Protein chains: 2
Amino acid sequence: MTRTPGDAGAERADAARNRARLLEAAARLVAERGAEHVTMHEVARAAGVGKGTLFRRFGDRTGLLLALLADAEAEFHETYTLGPPPLGPGAPAGDRLTAFGCALIERLADDTDLGAALARQVPLERLHGSQVARAFHHHIASLLREAGVEGDTDMLAHTMLATANSETVDYLRNEHRISTARLRTTWAELVRRVVARAGEPVGHR
Amino acid sequence: MTRTPGDAGAERADAARNRARLLEAAARLVAERGAEHVTMHEVARAAGVGKGTLFRRFGDRTGLLLALLADAEAEFHETYTLGPPPLGPGAPAGDRLTAFGCALIERLADDTDLGAALARQVPLERLHGSQVARAFHHHIASLLREAGVEGDTDMLAHTMLATANSETVDYLRNEHRISTARLRTTWAELVRRVVARAGEPVGHR
């Protein structure tokens, strides 16, 4: 098929329509049978779009899952950046940090959470470089700085996030039978110790 | 082949010899071509032992890798439990904790480290339940208690270990190009904040 330059607008509209249709079909299939059981072939067929188009649009299956993840996370992003405190602005940074980690842990413990289910299907090296992971890291680092924590807050944020990601939360829940409540308390304890103000009791026997 | 009860001793000796021979062959193959390229078939052939015996002895490939890992870690275990301070006994618990995490990070950054290479080949849910992982956790929790940290030291140890395991160290080095020195400094900083004594300045701007 050849197109004249005048068709460029129509082509862009086509592409956008296809993208939306593919994401919608993929989201529906993931909801119906779980992210681990959805193939590229089925998504293309359900969307009524060629498999070539699907691969061109998203690169590979992981690219499609990451696009779905970005969509699924948009609402949570709004909640922790614009929603009511203590997750959203208005509470002290330490309280927001506690609320944020607890929300991540709750979501990972919730079998119906779409974002958590999608994240588990993405290879770690792609997930850690994703827009969603970067947004989580940025949020934690910003709150650490806002709480007045000195030092390498970027790295502290990386290590803190490692304690509340799906690998850690999943193995502590599944292998060690740690309750969600205990995971939340530990996150809160970690935040308390990391953001403790100079001269303030940190909690020692 | 039938055996009389009197053969039980000889059978045990046979089993021990086969086990040692299989582990030796596996270790040699892993050293030669990397843990990821070693198959059960090759190990059995190199040891001159039937494949059935190999599977009976170790369950599966992961079981064999975990047995190799336990052997490879024995020396490190001796170093951190009995060797010279600050890794071994004799230094304050906080210093030992700092030294231990830094040693883990150094080992994960060392491409020639056999234990680290084997650990990367074991599925996470098996690795986290392994004798080696439990020993690491036990060591961190004990040092936290020795340092006088109050609260849920078992859980604090789990979360601290999550910041220095192969998944975290590998992705921070590979995806974010974080240097080993910066990882070590962050571990030391985390230890400092977690074991800070009440009333002691924790470091705030």
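**Labels and what backs them**

Reply: Happy to. UniProt, in an unreviewed entry, lists residues 16-76 of chain A as "domain: HTH tetR-type"; positions are in the numbering used here, and such annotations may be inferred rather than shown by experiment. This is a predicted model, where local features need pLDDT of at least 70, side-chain atom pairs count only at pLDDT 80 or more, and totals for chains, interfaces and linings use all residues. Residues are numbered from 1 along each chain as written, chains are lettered from A and ligands numbered from 1 in the order written, and side-chain values use heavy atoms, without hydrogens and water.

Me: What makes up residues 16-76 of chain A, in helix and strand?

Reply: That stretch is 82% helix and 0% strand, with its end C-alpha atoms 24 Å apart. Helices here are DSSP runs of H or I with at least four residues, strands are runs of E with at least two, and both are numbered from the N terminus. Chain A as a whole has 11 helices and zero strands.

Me: How do you know what confidence chain A has?

Reply: By its pLDDT, the predictor's confidence in each residue, from 0 to 100. Chain A has a mean of 90, and 93% of its residues reach 70 or more. Within chain A, the lowest confidence is in helix α7 (residues 124-128), at a mean of 84, and the highest is in helix α5 (residues 93-109), at 97.

Me: Why is A:A93 called buried?

Reply: Buried means under 20% relative accessible area, exposed means over 50%, and partly exposed lies in between (1.4 Å probe, protein chains only). A:A93 has 8%, so it counts as buried. This residue lies in helix α5 of chain A. Leaving aside neighbours within four places in sequence, A:A93 is in contact (heavy atoms within 4.5 Å) with A:L143, A:E146 and A:A147.

Me: What about chain B: is B:A103 buried or exposed?

Reply: Its relative accessibility is 15%, so B:A103 is buried. B:A103 sits in helix α5 (residues 93-109) of chain B and touches B:F76 and B:L87, not counting residues up to four places away in sequence. B:A103 and B:A164 are 61 residues apart in sequence, with their C-alpha atoms 9.8 Å apart in space.

Me: And why does B:N165, a loop residue, get its label?

Reply: B:N165 has a relative accessible area of 11%, so it is buried. The loop in question runs between α9 (153-162) and α10 (166-174) of chain B. B:N165 touches B:L108 and B:H128, again not counting residues up to four places away in sequence.

Me: Why do you say that helix α10 of chain A is largely enclosed?

Reply: Seven of the nine residues of α10 (residues 166-174) are buried, so the rest of the structure largely encloses this helix. Among the buried ones are A:V169, A:Y171 and A:L172.

Me: Is A:R177 buried or exposed?

Reply: A:R177 has 68% relative accessibility, so it is exposed. A:R177 is found in the loop between α10 and α11 (180-195) of chain A. Its phi is near 55°, a positive value in a residue other than glycine. In chain B, B:R177 has a relative accessible area of 67% and is therefore exposed, and phi of B:R177 is near 55°.

Me: How do you know how α1 and α3 of chain B are oriented?

Reply: Axes are lines fitted to C-alpha atoms, for helices over the stretch in contact, and angles run from 0 to 180 degrees between N-to-C directions. Under 35 degrees is roughly parallel, over 145 roughly antiparallel, 65 to 115 roughly perpendicular, and the rest oblique. The axes of α1 (residues 8-33) and α3 (residues 51-58) of chain B come within 11 Å and cross at roughly 95°. The two helices are therefore roughly perpendicular.
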